[in-house]
Amino acid sequence: MNLDKVKFVFPDFQIQDFNMFDKIMFLKWETTVGNDFGKEHTNLVLELTCPDKYKSLIEFIDVNSWRFHGNGQILGFYIKDNTPKGYENNVKYEVGNYEEKKIEFYCSDIVINSLEKMI
């Protein structure tokens, strides 16, 4: 995961700071065929917003153990890097929200496509 686009706007941003996002505005679920011998991967694209009037478009690669329920309002979105525990492949990152567990999944990579101020 590359945080450069986020750090351009928020220089001190760390992975635990994703908790600033509290609403899912857009969700796209897609299956793609990868370069690894035609194996299918399921990707998830989320547009998230925060009370500070920023929105971010984030793509989660090779999603598994997907669970979502609710209306898109979440409490404290989080991303945990599991590589220090030795996890790799499609459980490299754990993603979800605190307390209510309205969204939960694992993925192999995360691409931050954009972070911008809303008008």
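**Aromatic pairs**

Guide: Phe-60 and Phe-105 are both buried. The model is predicted, and the chain has an average pLDDT of 89.

Visitor: Which strand has the highest confidence?
Guide: The mean is lowest, at 89, in strand 1 (residues 23–33). The highest mean is 95, and it belongs to strand 3 (residues 54–61).

Visitor: How many aromatic pairs does a search of the whole structure find?
Guide: Rings of Phe, Tyr and Trp pair if their centres lie within 6.5 Å. With the whole structure searched, the number of aromatic pairs is 9.

Visitor: Phe-10 and Tyr-54 form an aromatic pair; is it stacked or edge-to-face?
Guide: The ring centres of Phe-10 and Tyr-54 are 5.0 Å apart, with 65 degrees between the planes. Planes over 60 degrees apart count as edge-to-face. The pair of Phe-10 and Tyr-54 is therefore edge-to-face.

Visitor: How many residues apart in sequence are the parts that this pair ties together?
Guide: Phe-10 is in the loop between helix 1 (4–9) and strand 1, while Tyr-54 is in strand 3. The pair therefore ties together parts whose separation in sequence is 44 residues.

Visitor: Is Tyr-54 buried or exposed?
Guide: Phe-10, at a relative accessible area of 23%, is partly exposed. Buried means under 20%. Tyr-54 has 17% relative accessibility, so Tyr-54 counts as buried.

Visitor: What is the angle between the planes of Phe-60 and Phe-105?
Guide: The ring centres of Phe-60 and Phe-105 are 5.1 Å apart. The pair is edge-to-face because the planes are at 80 degrees.

Technical notes:
Residues are numbered from 1 along each chain as its sequence is written. This is a predicted model: local features need pLDDT of at least 70, side-chain atom pairs count only at pLDDT 80 or more; totals for chains, interfaces and linings use all residues. Side-chain values use heavy atoms; hydrogens and water are left out. pLDDT is the predictor's confidence in each residue, from 0 to 100. Helices (H or I, at least four residues) and strands (E, at least two) are DSSP runs, numbered from the N terminus. Rings of Phe, Tyr and Trp (its six-membered ring) pair if their centres lie within 6.5 Å; planes under 30 degrees apart count as stacked, over 60 as edge-to-face and the rest as tilted. Buried means under 20% relative accessible area, exposed over 50%, partly exposed in between (1.4 Å probe, protein chains only).
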